[in-house]
Amino acid sequence: MLSTKSESDITSLAPSSPSRSPKRPVYYVQSPSRDSHDGDKSSTMQPSPMESPSHPSSVGRHSRNSSASRFSGIFRSSSGRKGGRKRNDKGWPECGVIMEEGPYDEFEDKAFTRRCQALIALFTFVVLFTVFCLIIWGASRPYKAEILVKSFAVHNFYIGEGSDFSGVPTKLLTVNGTLKLSVYNPATIFGIHVTSNPVDLVYSEIPVATGQLKKYYQPRKSRRTVSVVLEGKKVPLYGAGSSLTFTQNGAAEIPLVLKFEVRSRGNVVGKLVRTKHRKQISCPLVIDSTKTKLIKFKKTTCAYH
């Protein structure tokens, strides 16, 4: 039983007996490291296991060392190609950690700051635009429409006896005529819209004829003559008719007053900036019932307020 030995035992004891086999030089194979993977690749090569059959244990140990060296060399080589990253205590390459830029409150503060800046910019624009509009409005105020009453043409004038719609007897007055006005717009930067309230021809506080100036647009720096037709048909005078006096030929001179108001509006900056003006006009006149001539007015005849 003692004499029986396995082949592996004989092989393992072979290196320990110097008399049987001379000691041969041992060569080690080293894979390219991180420092020399691009350099010398011709490291000293150990003879293959076929060349040294008498040292199987050393060959096996060397093969394991060679594999480990080769694996570590490849790892070091690959890590070296990526810039030579540092390693921790366990040999693993250290990875960079992405740090947060800061707490979320900073983003909220930035968003709040941007909102405040936008509100401030909007408020500044509104204030500046308001100041600009006020300046334009103040500069346009002096440009008022100039209105002059030029003439009144009587087309029909009749006084007679009659009764009103309820049957009360009284004097009745019928008047038809045309009033002409001259309107001048002195503004240099905007036109005006001109209109009026009802134009009344009044006898003793009783409107005996009424007309209306139609609304129209007048360009800047322009003059225009407009006409207003006044009509009154069988207007009862009641007690005011008792003061009328007639001549022998039936003629009568009736004192009347023209009363109306002219309104003008200018759009300076669209509908945002407007200028509005009103002018009340009062013109006395006397109409002869037997004559239908043109009545002209002087500038000083009428009162403009």
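Predicted model: local features only at pLDDT ≥ 70, side-chain atom pairs only at ≥ 80, totals over all residues.
**Exercise 1.** Find out which residues make the nonpolar surface patch of about 620 Å², and work out whether Val 126 is buried, partly exposed or exposed.

*Solution.* Start with the members: Leu 122, Phe 125, Val 126, Phe 129, Phe 132 and Leu 272 make up the patch. Next, find Val 126 in helix H3, which covers residues 104-140. Now look at its relative accessibility, which is 42%. Buried means under 20% and exposed means over 50%, so Val 126 counts as partly exposed.

**Exercise 2.** Decide how the rings of Phe 125 and Phe 129 are arranged, and how far apart the two residues are in helix H3.

*Solution.* The structure has three aromatic pairs. In the Phe 125 and Phe 129 pair, the centres are 6.1 Å apart and the planes make an angle of 20°. Planes under 30 degrees apart count as stacked, so that's the label for this pair. Along H3, the two residues are four apart, about one turn of the helix. Phe 125 is exposed because its relative accessibility is 53%, while Phe 129, at 33%, is partly exposed.

**Exercise 3.** Classify the pair made by Tyr 143 and Phe 190, and say which parts of the chain it links.

*Solution.* Here the planes are 85° apart, with 6.5 Å centre to centre, and the pair is edge-to-face. Tyr 143 sits in the loop between H3 and strand E1, and Phe 190 in the loop between strands E2 and E3, so the pair links distant parts of the chain, 47 residues apart. Finally, check the cover: Tyr 143 is partly exposed at 30%, but Phe 190 is buried at 3%.

Technical notes
Residues numbered from 1 in each chain as written. Heavy atoms only, no water. Patch = residues over 30% accessible without salt bridge, like charges linked within 9 Å, V, L, I, M, F, W, Y side chains within 5 Å. Areas by Shrake-Rupley, 256 points an atom, 1.4 Å probe, with all protein chains shown as cover. Salt bridge = Lys/Arg side-chain N within 4 Å of Asp/Glu carboxyl O. Buried < 20%, exposed > 50% of the residue type's maximum accessible area, 1.4 Å probe, protein only. Phe/Tyr/Trp six-rings, centres within 6.5 Å; stacked < 30°, edge-to-face > 60°.
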